[in-house]
Amino acid sequence: MLILMRGAGDLATGTALRLYRSGFTVLMTELPAPAAVRRTVAFSEAMYTGHTTVEGITVRRCETEAETHAVLVEKRIALIADPEGNAIGAFRPDVVVDARIAKRNIDTHIGDAPLVVALGPGFTAGVDCHVVVETMRGHTLGRCIYKGSALPNTGIPGNVGGFTRERVLYAPAAGVFHPHRNIGDMVTAGDMLADVDGVPLYAAISGCLRGILPEGIRVSKGMKAGDIDARCAISHCFTVSDKALSIGGGVLEAIMHFTAFGNP
């Protein structure tokens, strides 16, 4: 069974790891210049480096369809640039997972594959996908929704270590992003962590820098640029989150349900 995942950020990566470890063949697609902040646990980083490893599993960026097929035959995860979704027609996957977490449906259709799973708000099961998986932290995180939609986007980041909006770094201006600190660094409230063409970006809380955008990426004002974890566990910076694993478990349930019973 070939699973095509659209998106390779940290939540998509946690899902891909859960599926790959369960024995599925996984092909991931991304933008040519992705903007994941939790880069140490995001397979999207391979778009810049050619390959990257998360929790012992390596993904490889492929440039051609033939190269992609070769990587998949070797039972490895392949990553390709495909913002238009052309890989759906080229590879004809058994399952498409929209893991872009765009909070809206960009271009996913229920007919894209025999099973289409979508993560988070913006989708309705039975209309533009077969199953929606809840992505909001709380009691329903990771739950499969076979009829209806996920909880609406609140615009407020989930609570991690007692902080919500304060823990997230936002670009202070539009321009080119320049990080001054590295993922895994301990930071203090008031520290200058980055700048955008000279406009400084300061930490609002103290903790461990869990994510930050790469050098040289262009940003818009207010764009998410980093994440501080007040729990101060450096290991969290280099391992998939509880949220990602929960969502991955939901996707796994959806696939196994489809395998056993067909579409809901």
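Which strands form the open sheet, and in what order? I read the order as β16-β15-β13-β18, four strands with antiparallel pairing.

**Ground rules**

I am working from a predicted model, where local features need pLDDT of at least 70, side-chain atom pairs count only at pLDDT 80 or more, and totals for chains, interfaces and linings use all residues. Residues are numbered from 1 along each chain as its sequence is written, and side-chain values use heavy atoms, with hydrogens and water left out.

**Entry: the open sheet**

I took helices (H or I, at least four residues) and strands (E, at least two) as DSSP runs, numbered from the N terminus. Two strands count as paired if DSSP finds at least two bridges between them. Next I checked β15, residues 192-196. Four bridges join β15 to β16 in the antiparallel sense. One pair I noted is Met192 with Tyr202, its bridge partner in β16.

I moved on to Ala204, in the loop between β16 and β17 (207-212). Is Ala204 buried or exposed? Ala204 is exposed, at 54% relative accessible area. My cut-offs: buried is under 20% relative accessible area, exposed is over 50%, and partly exposed is in between (1.4 Å probe, protein chains only). I listed its contacts (heavy atoms within 4.5 Å). Leaving out residues up to four places away in sequence, Ala204 touches Glu166 and Ala189. I also took a distance to Asp107, 97 residues apart from Ala204 along the chain: the C-alpha atoms are separated by 36 Å.

**Entry: a nonpolar surface patch**

I found Met186, Ile234 and Phe238 in a nonpolar patch on the surface, with about 270 Å² of accessible area together. Patches take residues with over 30% relative accessible area and no salt bridge; like charges are joined within 9 Å, nonpolar side chains (Val, Leu, Ile, Met, Phe, Trp, Tyr) within 5 Å. Areas come from the Shrake-Rupley method with a 1.4 Å probe, and for residues only the protein chains shown count as cover. Phe238 sits in the loop between β19 (224-229) and α5 (242-261). Phe238 is partly exposed, at 41% relative accessibility.

**Entry: α5**

I compared the helix length with expectation, which is 1.5 Å times one less than the number of residues. The 20 residues of α5 should span 28 Å, and the end C-alpha atoms are 28 Å apart, which agrees. I listed the buried residues of α5, among them Ala244, Ile247, Val251, Leu252, Ile255 and Phe258. What do the buried residues of α5 pack against? I found β1 (2-6), α1 (10-21), β6 (95-98), β7 (115-119), β9 (131-133) and β10 (144-145). After α5 comes Gly262, with a positive phi near 85°.

I went to β1 next. Five of its five residues are buried. Leu2, Leu4 and Arg6 point one way from β1, Ile3 and Met5 the other way. β1 pairs with β2 (residues 25-30) in the parallel sense, over five bridges. Met28 in β2 is the bridge partner of Met5.

For α1, twelve residues should span 16 Å, and the end C-alpha atoms are 16 Å apart, which agrees. Its buried residues include Leu11, Ala12, Leu17 and Leu19. The buried residues of α1 pack against β1, β2, β3 (51-54), β4 (57-61), β7 and α5. Gly23 follows α1, and its phi is positive, near 100°.

**Entry: salt bridges**

How many salt bridges does a search of the whole structure find? I got 14. The criterion is a side-chain nitrogen of Lys or Arg within 4 Å of a carboxyl oxygen of Asp or Glu.

- I checked Arg39 and Glu45, a bridge at 3.4 Å, N to O. Arg39 is buried at 18%, and Glu45 is buried at 14%.
- I checked Arg61 and Glu63, a bridge at 2.7 Å, N to O. Arg61 is partly exposed at 25%, whereas Glu63 is exposed at 57%.
- I checked Arg76 and Glu74, with the closest N and O atoms 2.3 Å apart. Arg76 is partly exposed at 31%, and Glu74 is partly exposed at 47%.

I also noted a network of salt bridges linking Arg6, Asp98, Arg100 and Asp107. Arg6 belongs to β1 and is buried.
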